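Take a look at the sequence and the fold below. The report that follows walks through some parts of it.

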Amino acid sequence: MASLQQIRTQIRLLIDQTDSANSDFSDSELDGFTNEGQRFLAVLTKYPRDRVEVQAQEGYPGYTLPSDSILIFDVYFGNVNTAGDHLPIQVLNESQMKEFRPNWLDQTTGSRGRPDTAVLVDRTTVVISPTPNAAESATGKKLELVYVFYPSTLSANGDTPVIPIVFHDLLSQYGQYKCYMSKLNKPDLGTSIFNQIVEKAKILEPIVTKEFHSQGFVFGNFAGRYPE
């Protein structure tokens, strides 16, 4: 696990400017690169993740995501205390939704039922379809969202990134990339380093997925539930 100070020190080693008093970059600039790198890796690797649940309401299709959400990873619906009721539902974008269910915005009583699909309609609102009816909004029937969240900004020297530990070493490389693409003016080298970061992140991602499996997460195929 790397602290902000350790990442900053490693960036200086990578650009061969270990003396902060005689460097092209201030500590705050390097910290900014580190925080930018953490946000980039969060989107690229879909980590870190959190989950939130909300009680379904009859006749209400739209539900608000947490303010720190970046993207939806998984969605579930149902009552965890009822056997076979709490199940994953498909997540589509709006274009897919129009093809899969053209009348997905229909709010008439007759169109309500058990939600089987979710679509993110803006940055903070997810709509489920069909809209829950009375039976599917009974107490305990909940919409559960697994989402990638916006990493908190690192500011104190001892702060540590919230992205998985296996990605921490990539943050100093991201800082190196930013240095080369800015004041050091070595765009070819910077681009090469950036490509290495992306490649390494993709190699490491299955390791993180395996860690989540061991903590009880189950990622299934659920063949036949989703449109092709």
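Which residues of H1 are buried? They are Leu4, Ile7, Arg8, Ile11 and Arg12. Keep in mind that this is a predicted model.

## Helix H1 and its buried face

Look down the axis of H1. The buried residues fall within an arc of 140 degrees, so they line one face of the helix. Part of what covers them is known: H2 and H4 are included in that cover.

Now follow the chain past the end of H1. Just after this helix comes aspartate 16, with a positive phi of about 60 degrees. More on this residue below.

## Where H1 meets H2

H1 and H2 pack against each other at an angle of about 105 degrees. Their axes are 10 Å apart. Angles from 65 to 115 degrees count as roughly perpendicular. H1 and H2 are therefore roughly perpendicular to each other.

Which residues make the contact between H1 and H2? From H1 come Leu4, Ile7, Arg8, Ile11 and Arg12. From H2 come Asp27, Leu30, Asp31 and Thr34. Sorted by class, the contact of H1 with H2 has 4 nonpolar, 1 polar and 4 charged residues.

## Two nonpolar cores

In soluble globular proteins, nonpolar side chains tend to be buried together. In this model, the largest nonpolar core has 23 residues. Within this core, Phe25, Leu41, Phe167, Leu170, Cys179 and Ile197 touch the most other members. Four helices each supply at least two residues of the core: H1 (4–14), H2 (27–45), H4 (168–181) and H5 (187–214). The largest share comes from H4, with 6 residues.

## Two cis peptide bonds

Most residues other than glycine have a negative phi, and most peptide bonds are trans. Where does the chain have a cis peptide bond? One joins tyrosine 47 and proline 48, with omega at about 5 degrees. Proline 48 sits in the loop between H2 and strand S1 (49–55).

A cis peptide bond also joins serine 129 and proline 130. Here omega is about -5 degrees. Proline 130 belongs to the loop between strand S6 (125–129) and strand S7 (142–149).

## Two residues with positive phi

Return to aspartate 16. Its phi is near 60 degrees, a positive value in a residue other than glycine. Aspartate 16 is in the loop between H1 and H2. Is this residue buried or exposed? The cut-off for exposed is over 50% relative accessible area. At 67% relative accessibility, aspartate 16 counts as exposed.

Asparagine 185 is not a glycine either, and has a positive phi of about 50 degrees. This residue is found in the loop between H4 and H5. With a relative accessible area of 61%, asparagine 185 is exposed.

## Phenylalanine 100

Phenylalanine 100 lies in helix H3, which covers residues 94–100. Buried means under 20% relative accessible area, exposed over 50%, and partly exposed in between. At 31% relative accessibility, phenylalanine 100 therefore counts as partly exposed.

How far apart are phenylalanine 100 and alanine 118? In sequence, they are 18 residues apart. In space, they are 12 Å apart, C-alpha to C-alpha.

How values were computed: Residues are numbered from 1 along each chain as its sequence is written. This is a predicted model: local features need pLDDT of at least 70, side-chain atom pairs count only at pLDDT 80 or more; totals for chains, interfaces and linings use all residues. Side-chain values use heavy atoms; hydrogens and water are left out. A nonpolar core is a set of buried Ala, Val, Leu, Ile, Met, Phe, Trp, Tyr and Cys residues joined through side-chain atoms within 4.5 Å. Buried means under 20% relative accessible area, exposed over 50%, partly exposed in between (1.4 Å probe, protein chains only). The arc is that of the directions from the helix axis to the C-beta atoms. Contact means heavy atoms within 4.5 Å. Axes are lines fitted to C-alpha atoms, for helices over the stretch in contact, and angles run from 0 to 180 degrees between N-to-C directions. Angles under 35 degrees count as roughly parallel, over 145 as roughly antiparallel, 65 to 115 as roughly perpendicular and the rest as oblique. Ala, Val, Leu, Ile, Met, Phe, Trp, Tyr, Cys and Pro count as nonpolar, Asp, Glu, Lys and Arg as charged, and the others, Gly among them, as polar.
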